[in-house]
Amino acid sequence: DGKPTPENTVEMGRVALQYVHDLNPTLPLVVYGKSLGGNVAMRSVFEMKGKVSPRLLIVDSSFISYRAAAKAVMKKSFWTWAFQPFAHTLFSDQWAVGDKMSSLQEVPLVVIHSRQDEVIPFRMGQEIYDKATSTKDFWIKESGRHSQTFNDSEGQKLKARLLKALP
């Protein structure tokens, strides 16, 4: 029920992490977030720090700033291009993971991003990787559009790699 907001999506992320952890606290927890869900996953893991400790965080085709992502999307359309300077006032980063990435040093991270992503620019995936201070790996996909990580032969190889990386 209700209208999704950055705040309540992070709240649902926290609830989901706690729920899955409570089902069997001895099993390793892996968190996977894609696109907008990647930001929610990172912020939820940050919010649950000290309560629930995932063994692996996978962030696919995502970003750390709502404002930066909105501006990048606005640049792509003739109809919204003129509004991109207002992304700073139209969108808030209050619930974005932002600089909190450096506080997740105990959670191993895999960042996946395609160089061909037409929605969330590749540089935003690079920014996640650069700001992370944990054990981390960056899996760069040369082909595939936004959210098509596992759709082609290169993606099938990434899927196999991902399955091998699971704790």
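Biologist: Which residue stands opposite L109 of β3?
Modeller: L57 stands opposite L109 in β3. Please keep in mind that this is a predicted model.

Biologist: In which sense do β2 and β3 pair, and over how many bridges?
Modeller: The pairing of β2 and β3 is parallel and runs over 4 bridges.

Biologist: And what about β3 and β4, how many bridges are there?
Modeller: β3 and β4 pair over 6 bridges, in the parallel sense. Within β4, W139 is the residue opposite I112.

Biologist: What is the strand order of the sheet as a whole?
Modeller: The sheet is open and has 4 strands in the order β1-β2-β3-β4, with parallel pairing.

Biologist: Which strands stand at the edges?
Modeller: The edge strands are β1 (30–34) and β4 (136–141). Each has a single partner strand, so one side of each lacks a neighbour in the sheet. On average, neighbouring strands are turned by 15° against each other, direction ignored.

Biologist: Back to β3. How many of its residues are buried?
Modeller: In β3, 6 of its 6 residues are buried, so the strand is mostly covered, taking buried as under 20% relative accessible area.

Biologist: Which way do the residues of β3 point?
Modeller: L109, V111 and H113 point one way from β3, while V110, I112 and S114 point the other way. Residues of both sets are buried. In general, side chains in a regular strand alternate between the two faces of the sheet.

Biologist: Which helices pack on the sheet?
Modeller: One of them is α2, which lies across β1 and β2 and runs at about 145° to β1. Helix α6 (residues 153–165) also packs on the sheet, touching β1, β2, β3 and β4. The direction of α6 makes about 165° with that of β4.

Biologist: Next, the largest nonpolar core. Which of its residues touch the most other members?
Modeller: That core has 21 residues, and those touching the most other members are V31, M42, V45, L57, M101, L109 and I128. The elements giving two or more residues to the core are α2 (36–47), β2 (56–60), β3 (109–114) and α5 (122–131).

Biologist: Which element gives the most?
Modeller: α2 does, with 3 residues.

Biologist: What does V45 touch, leaving aside residues up to four places away in sequence?
Modeller: With those set aside, V45 touches L17, V31, P54, L57, L104 and V107.

Biologist: Let me turn to α1. How far apart are its end C-alpha atoms?
Modeller: They are 26 Å apart. Helix α1 (residues 6–23) has 18 residues, which at 1.5 Å a residue should span 26 Å, so the two values agree.

Biologist: Which residues of α1 are buried?
Modeller: The buried residues are V10, G13, R14 and L17. Seen down the axis of α1, they fall within an arc of 95°, so they line one face of the helix. An α-helix has 3.6 residues a turn, so residues three or four places apart point the same way.

Biologist: What covers them, and what is exposed on the other side?
Modeller: The cover over the buried residues of α1 includes β1 and α2. On the other side of α1, M12, Y19 and L23 are exposed.

Biologist: Which loop residues have a positive phi?
Modeller: S35 is one of them, with a phi of about 60° although it is not a glycine. S35 lies in the loop between β1 and α2. Its relative accessibility is 17%, so S35 counts as buried.

Biologist: And where is S147?
Modeller: S147 is in the loop between β4 and α6. Its phi is near 60°, again a positive value in a residue other than glycine. S147 is partly exposed, with a relative accessible area of 30%.

Biologist: Finally, what does E154 touch beyond residues up to four places away in sequence?
Modeller: E154, which lies in helix α6, touches I140, K141, E142 and S143 on that basis. E154 counts as partly exposed, at 24% relative accessibility. The C-alpha atoms of E154 and Q126 are separated by 19 Å, and the two residues are 28 residues apart along the chain.

Methods: Residues numbered from 1 in each chain as written. Predicted model: local features only at pLDDT ≥ 70, side-chain atom pairs only at ≥ 80, totals over all residues. Heavy atoms only, no water. Core = buried A, V, L, I, M, F, W, Y, C linked by side-chain atoms within 4.5 Å. Buried < 20%, exposed > 50% of the residue type's maximum accessible area, 1.4 Å probe, protein only. Contact = heavy atoms within 4.5 Å. Pairing = 2+ DSSP bridges. Axes fitted to C-alpha atoms, helices over the stretch in contact; angles between N-to-C directions. Expected span 1.5 Å × (residues − 1). Arc of directions from axis to C-beta.
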